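User: Could you walk me through the aromatic contacts here?

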Amino acid sequence: MAPKKDVKAPVKKAEPAAAPAKKAEPAAAPAPAPAAAPAAKAVDLSAVKIEFSADQIEDYKEAFGLFDRVGDNKVAYNQIADIMRALGQNPTNKDVSKMLGNPSAEDMANKRVVFEGFLPMLQTIINSPNKAGFEDYVEGLRVFDKEGNGTVMGAELRIVLSTLGEKMNETEIDALMAGQEDENGCINYEAFVKHIMSV
Amino acid sequence: MDGWNTFFFFFFTALRAAVLIQKWYRQYVARTEMRRRYTWHIFQSIEYSGEQAQIKLYNFLGYLMDNFTPSSNERNLISHIFRDHEVCQDAEWERYFCYKNIQVPEIYSGPHLCFPVTAEQAAGLVEAFRNKKQLHSRYVLQLLLETWRLLRMLPNISRISTCHSKEITICGDLHGQLEDLLLIFYKNGMPSLEKPYVFNGDFVDRGKDSIEILIILFAFLLVYPTEVHLNRGNHEDHIINLRYGFTKEVLTKYKMHGKRILKLLQKIFSWLPLATVIDQKVLILHGGISDTTDLGLLVKVDRHNYVSALRPPKKKFQSSSRTSIDSNAEDWGHHGLFQRRASFTCPKNLGSRGNFLNRSLQDFSDRIKVGKEDELQVCQQGAELFQAGVDPVEKGGDSSFDPVVSDSAKEEWKQILDLLWSDPMSQDGCIPNELRGGGCYWGPDVTEDFLGRHNLQLIIRSHECKQDGYEFCHNRKVLTLFSASNYYDVGSNRGAYVKLGPNLVPYVVQYQASSMTRELTVRQSVGKTERSALKVLREQLFSHKSDLICAFKRLDGENTGLVSLNDWASAVESVMRLGLPWRMLRSQLATGKAADGLINYHEWFNELAIKGANADHIDQGLLETLYRHRSTVETIFRIVDTDNSGFITMEDFRQTWKLLSVYLKMEITEDAISDLAVTIDSNQDGSIDIEEFMEAFRLTDKKSRLERGRSMFMATATDLSALEGDPNV
């Protein structure tokens, strides 16, 4: 298993410098890697070339409108990550924060952006090669497959999800794992990934 | 690999796996949230446009009333809903309530009531309804009489306090959902001396146990008149009840005395207090406020004059001549004593509000043509006056009477309408609530100003369904509270109630009725609600087929039968006007494979829905109009069915179609009407069964039939796509 992983991992790590923080970077400590984004400047959004078709732009506009709860044709900074996810992207909160220039919590809540300002943000995130397919997820979970029998311990997964990366809370983990564990607390991870990708 | 490398390797792979799953999960949550939002939007826009349609219908009928010559048949058909009861003496009412002649048979297994009502009996009623019993009409009438006597003594605005460390429980809309009320009582305890309650309106309509909820609330009101407080909602209104199910429910459950019960309830609704104030600091009312709301004025109005909030009150008469409750409609026009009432007209000085209220009536003046004697006539003078924005005057009426409702009465009426129908908005200002058709939208600045002027700190209102059962807005100065869980569909939303102690800090408790929902994951319940919403939406789309095809054709210059996605979305929105994200919904609504991203719109209708069984011989255009206006058609039938029997005569049926053809702007020949009538009157006895009639126009949703088939096969079939083309499924 180890050699196979070795071959794959470097490929994933070879991301262009412009991309948002890469989690797989060998950070100095096991802590979440804020060190990887020191005093980051916002990605220069005005320089981003929009490559969406007119149809796509219409789609995005609709989604944008759905999230505008105030009626001023804008959305708050703290909604941007969700809109992008609703549109099929997978940024981490950190990715978005970095792109916005690491705004303060207050800014996240109060600053708002119009649709035209949102488009380059979306383009930036789409451009960053962080796409993960079925295999990636399965590979990721295989790490925890101690016995190599296609299952992982639900409990272990819970610990990992709540302590590493952008931690999930108990409610979120419960919602994610609902109905996935068998009576021994094991999860067949291929089935699990198929399930989560079928949404 | 040495130990450290192995460790790091393992660690980083684990980290990567974690991040991958977390990112996926958050994406899933965001997409689910978006689906939930547009599903919600679908239900809400359709609900509000239904309310708007009802008000428009009412306005239309009012316009007819104001402008018809007295002898017309059509007018008589509908005049009875405008008949006013206020001139009758109370003694007459007491006689009318008379329950003494009604015998309760031996075999009756429901609850018995002995007056005065005790706490045990009230609890007994709750228990009995939990066990699906029905209260006998004798007790219902008796209860209503006692309730009416009590309500008459209450002020417009109840003032209560949280002294003695009492916590007051406040509940929002219940809408006939008994399960929710039972859940609230279970969690919070029933009303008592230590447990005061405020119920904030909309007890009835839509749910199936409206009358039971009323009975329970009235019973507790009688037992604890100082601890239980009821506010009137916009659904405590017989006009609204005609469309939204309460009228039907009562007539179905109480076949013999339903009509009388409904009439009494009309009166009782008008006597419900308008608002409640706690500790002089927290205002509780059903809808909201406007920039002109004045509690000082509201305290003084004669609230019982507003039998329906949709009409301004009748002017009181000096004449001593009385009319009995069951007076014939024909007397209406001939008595000089009765005056015409203005429907939604307002004097010009109300500015844009006035124009808004006038607008719906102006729409009708072009529909009504002056015709032969036996056809609909329009009072020319009325029409001209109307164009000028002045209230129509009764032709031949005594000019010494005030021809119109006075300005102050209109001001009062506006106050009440705003109270019961308004919604908050996030922008500053105050604008008419066009979506609902009544009241206004008010902004945070209006709230600030209002609270300041009246020295209040919080407004608690209901009227709008919220996903979590409650929602703060306007800087937490306004709290919306909704107590009917699963309102749009199973799993659509939670309900909530609020507890307020002496510190006046609202403490919200949420719940969700129905054991089924607890076992559904978020994804499943969103999915369920979404399917329901889409079904409703498909029906709506199908019933606008002609207009949609017209819109598509306009964009399809070369008549290829195809339109682009963009054109499809804008055409649909221009016809439906629901403000929905059509592009997003397209994949759910138009599943046919589109060549080059184009949509074949003729094929689209084929996959949308299929018609009910015995509707094939009826003219397509007519059919479509009927589908679209199902609710209105049924409402008009119920209005025409003056004795509430569920049947209307052939003659009335014909007259009704004339009315409808004017209102709906559809051409319908005598022959078409006869054909329809003959078809529906299957037993040829000269009367039409309303239910049967509506049944003929039931739409069957093609997709949901497929899904039923699917669920049947769930356990066994692996490849369900084969079912898609199967006409037998």
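**Rings and charges**

User: How far from the ring centre of B:Trp148 does B:Arg152 lie?

Analyst: This is a predicted model, where local features need pLDDT of at least 70, side-chain atom pairs count only at pLDDT 80 or more, and totals for chains, interfaces and linings use all residues. Side-chain values use heavy atoms, with hydrogens and water left out. A charge sits over a ring if NZ of Lys or CZ of Arg is within 6 Å of the ring centre and within 35 degrees of the ring normal. B:Arg152 lies over the face of B:Trp148, and its distance from the ring centre is 4.7 Å.

User: Which residue lies over the face of B:Phe472?

Analyst: The distance from the ring centre is 3.9 Å here. Lying over the face of B:Phe472 is B:Arg476.

User: How many aromatic pairs are there over all chains?

Analyst: Rings of Phe, Tyr and Trp (its six-membered ring) pair if their centres lie within 6.5 Å; planes under 30 degrees apart count as stacked, over 60 as edge-to-face and the rest as tilted. Over all chains, the count of aromatic pairs by this rule is 21.

User: Why is the pair of A:Phe115 and A:Phe118 tilted?

Analyst: The ring centres of A:Phe115 and A:Phe118 are 6.4 Å apart. Their planes are at 35 degrees, so the pair counts as tilted.

User: Is A:Phe118 buried or exposed?

Analyst: Buried means under 20% relative accessible area and exposed over 50%, with partly exposed in between (1.4 Å probe, protein chains only). The relative accessibility of A:Phe118 is 0%, so A:Phe118 counts as buried.

Key:
Residues are numbered from 1 along each chain as its sequence is written. Chains are lettered from A and ligands numbered from 1 in the order in which they are written.
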